[in-house]
Amino acid sequence: MTVGFVKSANAFLAGYSYLKSYVTRNSSVSGMPLSVGMELTNHCNLSCPECPSGSGLMKRGRGYMDPDLYNKVISELRPFLFYVNLYFQGEPMLHPRFFEFLAKKENFRTVVSTNGHFLSAETSEKLVNSNLSRLIVSLDGMTPETYSVYRRKGNFNTVLEGIGNVAEAIKRRNSSLQLVIQFLVNRSNEAQIPEAKSFANEVKAVLKLKSMQIYNQEEIDYWQPSGNKFRRYEKADGSYLIRNSLRNNCRRLWFNPVITWDGKVVPCCFDKDAEHIMGDLYKKSFREIWNGSQYRLFRKRILAGRKSIEICSNCTSGLKRGIIQ
C-alpha cells in the first residue's frame, strides 16, 4: 500500500471513531493520531509571566528529549502522521542536539516554534537546508518597549535580526520553508498590529495573531486587550471565564497527542504540567498507550463533562467564532 493510501485510510478511521464517540457518547478509537507534539525540552531562556516554563510555575522536572526516544516514536507513527510539532513547553532550539531531529527527510511536515533568540545567519542557513516545513517565531511587539512587556529577558533586536536572517536564507535558497510570525495580542501591543502586518509582508512571512492564555485571574485585566476580537475571557459573576462553551467533545483526544521530553504521553497541549499522563513510552509502545485504559477513561470524561477538567479551562477548541485563537 502507498504512503498516501495508508495516511488517508487512517485519517478516515480516526475521524469515524471521533464522530461515533461524539454521537454515542461512548469512547471509541480507531486508527492512530494524525499529528503529534514532541517536547524537545521544557527549559527556556526567557521568563514570560504567563508561561508555566518561563514563569517557574511548572512543577515537573526539566530535561531534554533523547533522540533515541524520538526515533522510536516516529518509527511507530511515521505511516500515519501528517504533522510533527517539535515544541510544547520551553525553547526547542536550546536542545544541544536540536538539528538531529531535523536531519532525516520524512513523509510528514515538521514544525518548530521558537522565541527567536537563536536564529543567527549560520543557524538560519541550517534551518533552511534541513527538512523543516514551518518555522514559527514569536514577536509580541513592534518596539523594544512593547516586546519586553511580555517577553521578559528577551531581546527585541536579536529576534528582529533573526527573522531577517531566516527570510534572507529562504530567499537565497528559494526554499519552501514557511516563515510564520506569531503575535500574542495583549493590552500593550494591540495598537501595533498594523505594524506587525507590514513587517510580516516585508519579510514574506505569515502573520498569526493569537489571543493570550492567562493563568492568573488577577492579571487578566492587565493583559487582556481592549479589542473584543482578541479577548479570550469574559467576566461573569465577578470572575473571568473563557469565552468557550466547552462542549463535551474534543478532537485533540482522537487526533493530536503530546509527548513530553521524558516520554510521557499527555492528552493535548493544554496539559502543560503533565497532570494527565496516559502512559510512559519507556515502558509501552505508543499504540498500547493510545488504545489503553487511561486514554479510554479520559476520553469518556471529556464526553461526559469537559467543564470539570481543569486543563480545559483555557482551551481554545470550540472557542466562539470571531475570536482569534
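This is a predicted model: local features need pLDDT of at least 70, side-chain atom pairs count only at pLDDT 80 or more; totals for chains, interfaces and linings use all residues.
Me: Why is Leu-177 called buried?
Reply: Buried means under 20% relative accessible area, exposed means over 50%, and partly exposed lies in between, with a 1.4 Å probe and protein chains only. Leu-177 has a relative accessible area of 6%, and is therefore buried. Leu-177 is found in the loop between helix 6 (156-173) and strand 5 (178-185), where helices (H or I, at least four residues) and strands (E, at least two) are DSSP runs numbered from the N terminus.

Me: Which residues is Leu-177 in contact with, leaving aside its neighbours within four places in sequence?
Reply: With contact taken as heavy atoms within 4.5 Å, Leu-177 touches Leu-127, Val-128, Leu-132, Ser-133, Arg-134, Leu-135, Val-166 and Ile-170.

Me: What makes the pair of Tyr-150 and Trp-223 edge-to-face?
Reply: Rings of Phe, Tyr and Trp (its six-membered ring) pair if their centres lie within 6.5 Å, and planes under 30 degrees apart count as stacked, over 60 as edge-to-face and the rest as tilted. By this rule the count comes to 10 aromatic pairs. In the pair of Tyr-150 and Trp-223 the ring centres are 5.4 Å apart and the planes stand at 90 degrees, so the pair is edge-to-face. Tyr-150 lies in helix 5 (residues 144-150) and Trp-223 in helix 8 (residues 220-223), so the pair ties together parts that are 73 residues apart in sequence. Tyr-150 is buried, at a relative accessible area of 5%, and Trp-223 also counts as buried, at 2%.

Me: Why is the pair of Phe-286 and Trp-290 called stacked?
Reply: The ring centres of Phe-286 and Trp-290 are 5.6 Å apart and their planes meet at 25 degrees, so the pair is stacked. Both residues lie in helix 10, 4 residues apart, about one turn of the helix. An α-helix has 3.6 residues a turn, so residues three or four places apart point the same way. Phe-286 counts as buried at 0% relative accessibility, and Trp-290 is buried with a relative accessible area of 0%.

Me: What makes the contact between Glu-39 and Arg-60 a salt bridge?
Reply: A salt bridge is a side-chain nitrogen of Lys or Arg within 4 Å of a carboxyl oxygen of Asp or Glu, and the side chains of Glu-39 and Arg-60 meet at 2.7 Å, N to O. The pair links distant parts of the chain, with Glu-39 in the loop between strand 1 (35-38) and helix 2 (52-55) and Arg-60 in the loop between helix 2 and helix 3 (67-77), 21 residues apart. Glu-39 is buried, with a relative accessible area of 0%, and Arg-60 counts as buried at 14%. A search of the whole structure finds 8 salt bridges.

Me: How do you know that Glu-125 and Arg-172 form a salt bridge, and is each residue buried or exposed?
Reply: The closest N and O atoms of Glu-125 and Arg-172 are 2.6 Å apart, and the two form a salt bridge. This pair links distant parts of the chain, Glu-125 being in helix 4 (residues 121-129) and Arg-172 in helix 6, 47 residues apart. Glu-125 counts as buried at 16% relative accessibility, whereas Arg-172, with a relative accessible area of 53%, is exposed. Glu-125, Arg-172 and Arg-173 are linked in a network of salt bridges.

Me: How do you know that the end C-alpha atoms of helix 11 agree with the span it should have?
Reply: The expected span of a helix is 1.5 Å times one less than its number of residues. The 13 residues of helix 11 (residues 293-305) should span 18 Å, and the end C-alpha atoms are 18 Å apart, which agrees. The buried residues of helix 11 are Tyr-295, Phe-298, Arg-299, Ile-302, Leu-303 and Gly-305, and these pack against helix 1, helix 9 (252-255), strand 10 (264-266) and helix 10 (286-290).

Methods:
Residues are numbered from 1 along each chain as its sequence is written. Side-chain values use heavy atoms; hydrogens and water are left out.
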